[in-house]
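Thanks for coming. I have one structure to show today, and I will go through one part of it.

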Amino acid sequence: MHTHHSYKASDLIVPQPTRIEDREGSFRLHPRIAIAAEKGFEEVHRFALELFGCKAGGEDILFKYQPDMQQEAYILTISKVQIVIKASTDEGAFRGLSTVRKLALLSGNQLPCCKVEDQPEFVWRGFMIDCSRHQFTPKFLKKLIDVASLFHLNRFHWHLTDDQGWRIPLDGWPKLESIASKRKELNYSDGRTYGRLYSKEEILDVQEYAHKRHIVVVPEIETPGHASALLAAYPEFGCTGGPYETQDRWGIFEEVMCAGSDEVIDFLSDAISQIAELFSDPYIHIGGDECPHTAWEECPRCQARMKQQGLTDARFLQSWMTSKVCEMVHKAGKRPIGWDEVLEGTEQLGLPKDLIVMSWRGLEGGLEASRRGHEVIMCPNTAGCYFDYKHQDSEEEMGNLGVSTLRQVAGFSCTPDSMDAQTRANVLGSQGNLWTEKVTTSRQAEYLLFPRLMLLAQQLWKKEDAEKLLQKRPILIKLCDMLDIACYRGE
């Protein structure tokens with residue numbers, strides 16, 4: 001381990017901070033040191049004691065209040081005798097602690113002396129996990145949340161409903177559990193099923209764990225497409241009345257929520273108010289992607305709805321549904337987010353102004369949304385934000401649909417130079433998305449997520465030269481090993 005003592009802090013820290021000054025010497029972290037915190041930092045103090053197995057008391061590590069710093073900003077000073085973290089908020093102090101934790105892991109607890117001044121460039125730095133296609137245990141989700149927080153990520157987008165399974169517990173809708181949460185596994189002939197609902201306790205537990213690490217949880221309920229599981233449970237919510245099934249195949253299905261059905265509206269209204277109660281953070285993602293309109297064109301109830309609303313094309317029902325669902329989200333005291341398809345078919349009705357648009361099919365949707373005055377999250381599958389894609393174009397590699405190389409991720413910018421100032425002002429940030437059609441274990445998920453998610457975390461915290469960032473690969477792989485993560489080790 002002794003070789004590490006020659007390392008400078010600036011070589012080790014990812015995301016690379018706003019400003020860092022390397023200094024002589026090192027601070028040895030061991031269980032006998034004591035940690036103190038000024039008033040207001042009780043939470044991060046408790047977390048630090050737990051993390052390093054130390055005691056409260058002396059000021060070997062000190063959390064110090066410094067007024068007028070940005071929300072997530074911190075100043076970290078490591079000298080031979082003391083570590084001081086200054087911040088205005090618990091969140092800033094936590095980011096500073098994460099930097100100390102990474103240095104401790106990489107230096108064998110012999111932290112190189114330095115001074116760091118740091119704050120993020122983007123407010124939305126996230127990752128999305130699809131738990132419909134593959135249902136991850138709360139234990140594994142916590143592991144991901146913990147590692148994400150180590151890299152200053154602050155949004156966990158939890159994809160909970162889709163054609164292949166519904167995972168949100170809702171009172172008064174028993175068939176969500178008995179039918180929508182389970183799919184018949186077609187590759188067996190014995191009728192076995194896959195999937196279940198998460199319990200409310202599990203959801204609250206994951207959420208509490210995320211909040212301790214200053215990560216906001218964003219639940220997603222798909223509307224009006226990707227609804228096979230829901231329709232299997234409640235066929236009256238579809239245009240034809242069924243029969244439908246919770247899908248054990250991948251793809252886009254013609255069966256969607258019936259835009260002419262008042263029962264669907266009643267269900268969504270109840271579902272959203274229950275989701276808003278279960279999840280305490282400000283956002284609810286309402287889906288909106290990949291919704292075919294064929295069923296609406298043939299459906300008498302949908303035709304009647306169009307007439308009643310004065311709509312001239314079935315496509316426009318999508319924006320009618322989006323607006324209805326946004327109203328429910330507002331009523332529940334939350335802010336809606338939708339995939340970029342919500343921009344389509346809006347010529348007649350437009351969209352609610354505070355809807356945040358998540359641009360996934362390239363940057364175009366985000367540019368268009370921004371032109372219309374919406375805030376935007378840029379996570380284009382064309383530029384490295386889809387982590388279900390292969391690391392490289394090889395038959396040996398696992399992954400689905402496309403390729404997203406480390407170099408592509410390391411070079412990603414959610415505000416490219418070609419973007420005008422107005423659009424740039426509307427970009428909140430980005431996230432890495434892991435869809436799980438072809439993921440069957442948590443180890444596979446790790447291999448697909450890491451180190452790509454760490455590279456993305458850098459570009460959302462502070463834009464870094466891609467080549468310089470790629471040189472940190474050995475450090476990222478070492479961190480994965482220390483954290484027991486099965487990561488990709490190639491170029």
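This is a predicted model: local features need pLDDT of at least 70, side-chain atom pairs count only at pLDDT 80 or more; totals for chains, interfaces and linings use all residues.

Residues are numbered from 1 along each chain as its sequence is written, and side-chain values use heavy atoms, with hydrogens and water left out.

Now α4 itself, residues 138–150. Helices here are DSSP runs of H or I with at least four residues, strands are runs of E with at least two, and both are numbered from the N terminus. How far apart are the end C-alpha atoms of α4? They are 18 Å apart, which agrees with the 18 Å that its 13 residues should span at 1.5 Å a residue, because the expected span is 1.5 Å times one less than the number of residues.

The helix is mostly covered, with eleven of its 13 residues buried. Buried means under 20% relative accessible area, exposed over 50%, and partly exposed in between, using a 1.4 Å probe and protein chains only. Among the buried residues are F140, L141, L144, I145 and V147. The buried residues of α4 pack against α3, β8, β9, α6, α15 and α16, where contact means heavy atoms within 4.5 Å.

Next, strand β8, residues 124–130. Seven of its seven residues are buried. In a regular strand the side chains alternate between the two faces of the sheet. In β8 both faces are covered: W124, G126, M128 and D130 lie on one side, with R125, F127 and I129 on the other.

What does β8 pair with? Two strands pair if DSSP finds at least two bridges between them. With β19, residues 427–434, the pairing is parallel over six bridges. M128 stands opposite N433 there, and R125 has S430 as its bridge partner in β19. Five bridges join β8 to β9, residues 155–159, and these two strands also run parallel. On that side, G126 stands opposite R155. The chain gets from β8 to β9 through α4, and this β-α-β crossover is right-handed: with the strands pointing away from the viewer, the path from the first strand over the helix to the second runs clockwise.

Eight strands close into a barrel with parallel pairing, in the order β8-β9-β14-β15-β16-β17-β18-β19.
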